Amino acid sequence: MNERIEDYAVIGDEQTAALVGRDGSIDWLCLPRFDSGACFARLLGDEDNGHWRIAPKGAGACTRRAYRPDTLVLDTEWDTAEGTVRVTDLMPQRDRAPDVVRIVEGVSGRVTVRSELRLRFDYGSIVPWMRRSDGHRVAVAGPDSVWLRAEPHVHTWGEDFCTRSEFTLAEGERVAFVLTWHPSHEPRPALVDPYAALSASERDWRRWAARCRYTGPHRDAVVRSLITLKALTYAPTGGIVAAATTSLPEEPGGVRNWDYRFCWLRDSTLTLGALLAAGYHGEAEAWRDWLLRAVAGDPADLQIMYGVAGERRLPEWELPWLPGFADSAPVRVGNGAVDQLQLDVYGEVMDSLFLARASGLSAKPHMWSLQCELMKFLRSAWRQPDEGLWEVRGGRRHFVHSKVMVWVAADRAVRTLERYPELPGDIDGWRAMRDEVHREVCEKGYDPERNTFTQYYGSRELDAALLLIPYYGFLPPDDPRVIGTVDAIRDDLDHGGLVRRYDTDAVGVDGMPGGEGAFLACSFWLAQALHMTGRTAEARELFERLVGLVNDVGLLAEEYDHELGRQLGNFPQAFSHIALVNTALALFGGEGAG
């Protein structure tokens, strides 16, 4: 069993993703989309909830593993007393149906290999009916059908609701398994050549990675982060999910377990900036277009997150049959925070569209009219309390970060009209709104006694999101209030040299029991804030430490617990990898990005 979140690697086809453990087991896979029901859910339960393990007979964790350079093709190797064997895992770009390709190759000696496939549809709850057809094993249950074949055929049998195979490989011999999903009412899709799929996947990923313009320090970590971001993209729409998983805990054994297989507006500006700066204008434009489609409609109905195709209804419910990773229950599907009011998202949308226009992305005819409607709503709504960036469940407050992002919305509207005076808009009204918000934040959201901005009006608590104040231009980096805020967050939210989002022990703020680890994106923000406030050596030292926290294949979850020395939260986490890319560009962009 893979006992740590960082024991996993990810493979995917830009419509869904699978998590592969160090023991050679695929323990998480949702088909056909990121947010579909999982057919392998061992990650959140046990073997009976579905998995597919290929490994030498009797072996445990692998000896070594790595992605092939600049690809999402994973090689896992075991050295045994009988010899060495390699399993190569990938999900080729799909034509119509999703495929998982697993190629087993003898490297030396003669090694006996076992495959154990337990398909359990609907998040590990449904055992399918298995049959044979044309050399395939076929699993069917309700709307789902999966076909499994091996080339060449190997000894395969059913036992204890599990499909098992066993074979022996000498040096240079190979067996390829292909697992294909399709709707059960449709005919079997065309067969995929596993070796052609491997060659095409390697070629396509390397061509894509070669477009990265960053050539500075830790380029391998930056490229791996960009590849991960690409893997979390739903290619048909351009939407980017926050993570490939649901309910990986922010505290082992705790209840802070959420579904992250959706697209958050809060990530929009930082995502767009990373893609544009790294040279991926096509992906940036696709993300911008997804954003425009998702937010279209009444501005009062703007949500904080949407489904991968812009779906609005994401009801939250629990899966009682799954005990959760490390017994961290409940396991949740959907996300109830979708109904929250978060004023910061209006600033995120306005800033993203401002950046898109300024970066030369092709303008859309309706884009500015949509922005004007957003501003019209925000002028009447910005004085309300909200749930804030971190989706707290302890009631609405006047969160300072939310108000700062309201200022960002007004500022970007004004600057757009200053740059493009031919566009219609109430520039004087937006200037007045911008000035009023700025005055209020500096009066009500700032603690002069401690020389720091606070989490919400009148509080003494802090919020790591305030590290973004100089990034968004609310105040200049050399303003004493900015420097004081950076220092206060660094001290008060410290978690082993990294930073937490906020104090989870503060009474009633987030409405949840338990705690969490250091938030990796916020720790990267601290490095950027240190750099902006003139402490570049300290910033680079922190960045080096953060890059050192990636797992053996370069992936990051949402959080890190320095006491346990473990990653926490959903995995791999887009927010963490976006922050890594943006921090590298900020610290080394002058010497390593063109």
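Student: Which residues of helix 2 are buried in this model?

Tutor: In this model, which is a predicted one, the buried residues of helix 2 are Pro194, Ala197, Leu198, Ser201, Glu202, Trp205, Trp208 and Ala209.

Student: What do the buried residues of helix 2 pack against?

Tutor: Their partners are strand 8 (83–90), strand 9 (99–118), strand 12 (144–151) and strand 15 (174–183), together with helix 3 (219–231) and helix 5 (281–295).

Student: What makes the span of helix 2 close to the expected one?

Tutor: Helix 2 runs over residues 194–209, and its 16 residues reach 22 Å from the first C-alpha to the last, which is to be set against the 22 Å expected at 1.5 Å a residue.

Student: Why is Arg86 called buried?

Tutor: The cut-off for buried is under 20% relative accessible area, and Arg86, at 18% relative accessibility, therefore counts as buried. Arg86 lies in strand 8, one of the elements against which the buried residues of helix 2 pack.

Student: What makes the pairing of Arg86 and Glu77 a polar contact?

Tutor: A polar contact needs a pair of N or O atoms within 3.5 Å, and the side chains of Arg86 and Glu77 are joined by such a contact at 2.8 Å. Leaving aside neighbours within four places in sequence, the residues in contact with Arg86 include Asp75, Thr76, Ile103 and Glu105, as well as Glu77 itself.

Student: How do you know that Asp479 caps the N-terminal end of helix 11?

Tutor: A side-chain oxygen of Asp479 lies 2.8 Å from the backbone nitrogen of Arg481, and the limit for a polar contact is 3.5 Å. At the start of helix 2, a side-chain oxygen of Asp193 reaches to within 3.0 Å of the backbone nitrogen of Tyr195.

Student: Which residues of helix 11 are buried, and what covers them?

Tutor: Val482, Gly484, Thr485, Val486, Ala488 and Ile489 are buried in helix 11, and their cover includes strand 23 (452–453), helix 10 (469–472) and helix 12 (520–532).

Student: Which residues have the most contacts inside the largest nonpolar core?

Tutor: In that core of 202 residues, they are Trp52, Phe177, Phe453 and Trp525. Helix 8 (residues 400–419) gives the most to this core, with eleven residues, while a second, separate core of seven residues includes Val73, Val101, Val178 and Leu198.

Methods
Residues numbered from 1 in each chain as written. Predicted model: local features only at pLDDT ≥ 70, side-chain atom pairs only at ≥ 80, totals over all residues. Heavy atoms only, no water. Core = buried A, V, L, I, M, F, W, Y, C linked by side-chain atoms within 4.5 Å. Buried < 20%, exposed > 50% of the residue type's maximum accessible area, 1.4 Å probe, protein only. Helix = DSSP H or I, 4+ residues; strand = E, 2+ residues; numbered from the N terminus. Expected span 1.5 Å × (residues − 1). Contact = heavy atoms within 4.5 Å. Polar contact = N/O pair within 3.5 Å; in protein donor to acceptor, adjacent residues only side chain to side chain.
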